[in-house]
Amino acid sequence: METLLFDAKNPGATDAVAEILKRGGLAAIPTETVYGLAANAFDGEACANIFKAKGRPGDNPLIVHICDMEMLSDVVSEVPEGARLLAEKFWPGPLTIIMKKSGKIPMVTSANLPTVAVRFPAHPVAREIIKKTGLPLAAPSANLSGSPSPTTFQHCVNDLMGRVDAIIDGGPCSVGVESTIISLAGERPVLLRPGYVTLEQLRETIGEVELSKAVLEKLGEGEKVLSPGMKYKHYAPKAAVSLVKGSSEKYVNFVNEHAGEGVYALCFDEEAPVLKTKTVTYGSEFSDAEQAEHIFEALRELDSLGATRVFAHSPKITGVGLAVYNRLVRAAGFDVIELD
């Protein structure tokens, strides 16, 4: 397949991408979280092609992206009061809300679930493309399934060249981790995937929100996937990764004791100078937003450097740090080393 490359700054680029999507094609587009692999959410065949291009398991539902609240009525059958409150505060932005789907959403898009995950992105290029298609766009991360999510145009090119119809460059993603996902389709609100909109912020807006056990633990065999990012090993570099919990001092001592050929520390900026092995940093220990912005880029850098063994220092498990922890523990396949 020929993959056309576009720069969003060039006149006509978003028009060309919109035409490709209207014809049933696939295009990698920027959002503020990560780049998404977009297709017409109402076109079952186009959405099936997303799964093929990514090598994505068919029971992993897609997030549907809209560009205004009028489009929401075509996607869901009802809008709960909690969704209205959350949309008012966090849309457009990095929050996905699961609601009961409308009859227009094909089963392949929702992975055979009666619900649909919906997001109203803040990125101007994403919104412009959605508006020009006049269609809601299903768009999971624009990477090969299981690998670190793409936060730059080049990441998409590396993963998807020859697999999709188009990739458009909209610059690096500012948030860096996928959207927060909350389900409002059950008896009580449940946070299914943490992101830049935090659990604390959700609770401040709509009251009690349950934290799904899949955020911190591996789902059991046969358990149903209710949203993207819940069941499978995700975000992983080629190296074997262990997530190391403990103070900075204990982490440094542990990694220095295990230094060797191909061993890398995925660490905070402040730790690199005192480590005796090769390092890749993913932000300051004191800025979870910075960690989120750089974590996927750091995981991809480990591949480019040829790392075979990685000891990743765990972030705090509050605020945006919960999202970073969730991505790292999945990249590690839930291999956690407790030093405390």
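**Notes on the cores, cysteines and aromatic pairs**

1. Let's start with L95: beyond its neighbours within four places in sequence, L95 is in contact (heavy atoms within 4.5 Å) with L86, F90, V118, R119, S179, T180, I182, V197 and L202. Before you read on, please keep in mind that this is a predicted model, in which local features need pLDDT of at least 70, side-chain atom pairs count only at pLDDT 80 or more, and totals for chains, interfaces and linings use all residues. Residues are numbered from 1 along each chain as its sequence is written, and side-chain values use heavy atoms, with hydrogens and water left out.

2. L95 also belongs to the largest nonpolar core, which has 65 residues. A nonpolar core here is a set of buried Ala, Val, Leu, Ile, Met, Phe, Trp, Tyr and Cys residues joined through side-chain atoms within 4.5 Å. Buried means under 20% relative accessible area, exposed over 50% and partly exposed in between, using a 1.4 Å probe and protein chains only. The members that touch the most other members are I29, W91, L95, I97 and V118. Helix α2 (residues 44–54) gives this core its largest share, five residues; helices (H or I, at least four residues) and strands (E, at least two) are DSSP runs, numbered from the N terminus.

3. There is also a second, separate core, with 29 residues, including V241, L302, V320 and V324. As background, nonpolar side chains tend to be buried together in soluble globular proteins.

4. How many disulfides are there? The count is zero, taking a disulfide as a pair of cysteine sulfur atoms within 2.5 Å. For C156, the closest cysteine sulfur is in C173, 7.6 Å away, which is too far for a bond. C156 counts as buried because its relative accessibility is 0%, and C267 is likewise buried at 0%.

5. Now the rings: the count is three aromatic pairs. Rings of Phe, Tyr and Trp (its six-membered ring) pair if their centres lie within 6.5 Å; planes under 30 degrees apart count as stacked, over 60 as edge-to-face and the rest as tilted. F254 and F311 are edge-to-face, because their planes stand at 90°, with ring centres 5.2 Å apart. F254 sits in helix α8 (residues 248–257) and F311 in strand β15 (residues 309–313), so this pair ties together parts 57 residues apart in sequence. Both F254 and F311 are buried.

6. F268 and Y282 make a tilted pair, 5.3 Å centre to centre with 40° between the planes. F268 lies in the loop between β13 (263–267) and β14 (278–281), and Y282 in the loop between β14 and α9 (288–304), so the pair ties together parts 14 residues apart in sequence. F268 is buried at 3% relative accessibility, and Y282 is buried at 0%.
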